[in-house]
Amino acid sequence: MKYIALVITLMVAVTAPTIAFASDSITLRRDITVEGEQITLGDIFTGAGDKAGKVIAPAPAPGKSTIFKAISVARYVQSQGLDWRPATPIRRIAVRRPGANISQQVVVDQLRAALEYETDLDLFEMSLSTQNLNIKVAADAPQTVSVENLYYNKNNGQFFAEILAPANSENGQRIRLSGQVHEQVLVPVLRQFKSAGQEIRESDIDYKAERASKVNHRVITDASLLIGKSPRRGVRSGVPINMSNLGDPVMIEKGKLVAVILEQGGMYLSITGRTLEPGGEDDIIRVENINSRKIIQAQVISEQEVRILTRQPQLASASAITN
């Protein structure tokens, strides 16, 4: 750390001819700390008497230290008619100013409030270029900040800000920050995992903020398009749903034994078949006659039944099986 020169009176005392003073003995303090904006003789020594309030240098920033050369301090106190003789050899004297950290969340909250007013965006994500802020104020000062200046570029979303800590203080620290604003939109997502074919109900839907730049025309943004539908492939909770992964709910799974019904001209026939593909209500699926191994096109009418659509050839096959 750079050494801080003492005030002009110290330089005069070092260069001027020696003058005789009536000396008073003083003692160096241990673990020297200051609370205010200036360092006085009384901060460094005990026994300085009426000279204790004499200012010798500005205080360091909160959380920082100032280092003095011991020989320079000795010359200065001698010029003030004081006598200091350390009991042990010493080369440097450190003066520390305690500080309190301002929470990064405090900074983020103030920046967001300022950006909400400046950008007029309903929903956005904010990111800072500096991830770990280390802003300190005096230990007895309020741990607050205020946004003094803000510039926002709506074309690329970048912003530059100057904050003051503590907020609205006359002699506070001014810190410059930059970052990025990402506009967001709310998209419907599922509260819990849904496997392929499961029907999506209104109670299954939640909402999640996503960057607008990541929501393309294939992502579903209208919750009404989800209700009554089902995913073609399983969908995890909290994940936006692609339109191509949406279909009708599956009423009958692949490989299930179902009743295959034929109704025609007052005749009612029923055989047992095995589904070769899944299907939702009114879907046309392929069903295998488990006796003849013939493939039938049938319409799903319930979880247990399908209705034959094709005519005479399959009707004959079905009739032969039931006889």
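Tyr 151 is partly exposed, with 47% of relative accessible area. Phe 160 is partly exposed too, at 43%. This is a predicted model.

**Aromatic pairs**

The structure contains two aromatic pairs. One joins Phe 45 and Trp 84 in an edge-to-face arrangement. Phe 45 belongs to strand 5 (residues 45–46), while Trp 84 sits in the loop between strand 8 (82–83) and strand 9 (92–96). The pair therefore ties together parts that lie 39 residues apart in sequence. Phe 45 is buried, with a relative accessible area of 1%. Trp 84 is buried as well, at 9%.

Tyr 151 and Phe 160 form a pair whose planes meet at 20 degrees, so the pair is stacked. Planes under 30 degrees apart count as stacked.

| Pair | Centre to centre | Angle between planes | Arrangement |
|---|---|---|---|
| Phe 45 and Trp 84 | 5.4 Å | 65 degrees | edge-to-face |
| Tyr 151 and Phe 160 | 6.4 Å | 20 degrees | stacked |

**A charge over a ring**

Arg 112 places its charged end over the ring of Phe 124. The distance to the ring centre is 4.2 Å.

**Helix 3**

Helix 3 covers residues 70–79. Its buried residues are Ala 70, Val 73, Tyr 76 and Val 77. Viewed down the helix axis, the buried residues of helix 3 fall within an arc of 125 degrees, so they line one face. An α-helix has 3.6 residues a turn, so residues three or four places apart point the same way. Just after helix 3 comes Gly 81, with a positive phi of about 75 degrees.

Definitions and conventions: Residues are numbered from 1 along each chain as its sequence is written. This is a predicted model: local features need pLDDT of at least 70, side-chain atom pairs count only at pLDDT 80 or more; totals for chains, interfaces and linings use all residues. Side-chain values use heavy atoms; hydrogens and water are left out. Rings of Phe, Tyr and Trp (its six-membered ring) pair if their centres lie within 6.5 Å; planes under 30 degrees apart count as stacked, over 60 as edge-to-face and the rest as tilted. Helices (H or I, at least four residues) and strands (E, at least two) are DSSP runs, numbered from the N terminus. Buried means under 20% relative accessible area, exposed over 50%, partly exposed in between (1.4 Å probe, protein chains only). A charge sits over a ring if NZ of Lys or CZ of Arg is within 6 Å of the ring centre and within 35 degrees of the ring normal. The arc is that of the directions from the helix axis to the C-beta atoms.
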